[in-house]
Amino acid sequence: MIRKLVEGFALSGVALTMLAMPVVAADAENDYPTDTRVDYVFGCMAANGQTREAMQRCTCSIDQLAAILPYDKYVQASTVLSMRQGIGARSNEFKSTKVFDDKVADLRRAQAEAEIRCYRG
């Protein structure tokens with residue numbers, strides 16, 4: 001009887017582990033929130049045309065970007081770019097600081113790689 005209980009717990013543990021594995025893998029591959037992906041695609045389509053082909057390339061682009069650049073780095077670079085659009089002393093700080101330049105450069109490199117994979121392939 002104890003042996004059956006132990007086997008039952010062991011099987012339950014294996015089943016739970018197997019159920020958790022795909023969720024973890026999916027989270028790692030898809031860590032950008034859906035609304036961020038949709039915003040990106042809308043902006044991309046506004047710049048590249050409102051066609052099905054543009055939509056496919058734009059969705060490919062955000063998927064590739066997500067595979068290259070972690071979400072927190074994407075948010076940081078997007079915030080810097082947004083702050084640079086302003087005027088005044090605070091905006092100038094975002095325009096003239098090397099740390100912020102590096103964050104934007106990382107985003108630009110990831111976008112260039114995504115463009116190569118999705119628009120020239």
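Guide: What follows is a walk through the core and the helix pairs around it.

This is a predicted model, where local features need pLDDT of at least 70, side-chain atom pairs count only at pLDDT 80 or more, and totals for chains, interfaces and linings use all residues. Residues are numbered from 1 along each chain as its sequence is written, and side-chain values use heavy atoms, with hydrogens and water left out.

Start with the overall layout. The protein chain has 6 helices and 0 strands. Its pattern along the sequence reads α-α-α-α-α-α. Helices (H or I, at least four residues) and strands (E, at least two) are DSSP runs, numbered from the N terminus. Of the 121 residues, 21% count as buried. Buried means under 20% relative accessible area, exposed means over 50%, and partly exposed lies in between (1.4 Å probe, protein chains only). Among contacts between residues at least 6 apart in sequence, 61% join residues at least 24 apart. A contact here means heavy atoms within 4.5 Å.

Now the core. In soluble globular proteins, nonpolar side chains tend to be buried together. The largest nonpolar core here has 14 residues. Such a core is a set of buried Ala, Val, Leu, Ile, Met, Phe, Trp, Tyr and Cys residues joined through side-chain atoms within 4.5 Å. Y32, Y40, I62, L65, L69, Y74 and L107 touch the most other members. Helices α2, α3, α4 (71–84) and α6 (98–119) each give two or more residues to this core.

Take Y32. Apart from neighbours within four places in sequence, Y32 is in contact with R37, I62, L65, A66, L69, P70, Y71 and Y74. Next is L69, in the loop between α3 and α4. L69 counts as buried because its relative accessibility is 6%. Beyond residues up to four places away in sequence, L69 touches Y32, Y74, D106, L107 and A110. L69 and A110 are 41 residues apart along the chain, yet their C-alpha atoms are separated by 6.5 Å.

Axes are lines fitted to C-alpha atoms, for helices over the stretch in contact, and angles run from 0 to 180 degrees between N-to-C directions. Angles under 35 degrees count as roughly parallel, over 145 as roughly antiparallel, 65 to 115 as roughly perpendicular and the rest as oblique. The crossing of α2 and α3 is right-handed. A crossing is right-handed if the near helix is turned clockwise from the far one by less than a right angle, and left-handed if anticlockwise. From α2, the residues in contact are R37, Y40, V41, C44, M45 and N48. They meet A54, M55, C58, T59, S61, I62, D63, L65 and A66 in α3. By class, the residues of this contact divide into 10 nonpolar, 3 polar and 2 charged. Ala, Val, Leu, Ile, Met, Phe, Trp, Tyr, Cys and Pro count as nonpolar, Asp, Glu, Lys and Arg as charged, and the others, Gly among them, as polar.

Helix α3 also packs on α6. Here the axes come within 8 Å and cross at roughly 135 degrees. So α3 is oblique to α6. This crossing, too, is right-handed. On the α3 side the contact uses R57, C58, C60, S61, Q64, L65 and I68. On the α6 side are L107, A110, Q111, E113, A114, R117, C118 and Y119. The classes are 9 nonpolar, 3 polar and 3 charged residues. Pick out Q64, which lies in α3. Leaving aside neighbours within four places in sequence, Q64 is in contact with A114, R117 and C118. Q64 and R117 are 53 residues apart in sequence and 7.7 Å apart in space, C-alpha to C-alpha.

Helix α4 brings Y74, Q76, A77, S78, V80, L81 and R84 to the contact, and α6 brings F100, D101, K103, V104, L107 and R108. The division is 7 nonpolar, 2 polar and 4 charged. Q76 sits in α4. Q76 is partly exposed, with a relative accessible area of 32%. The C-alpha atoms of Q76 and V104, 28 residues apart along the chain, are 8.3 Å apart.
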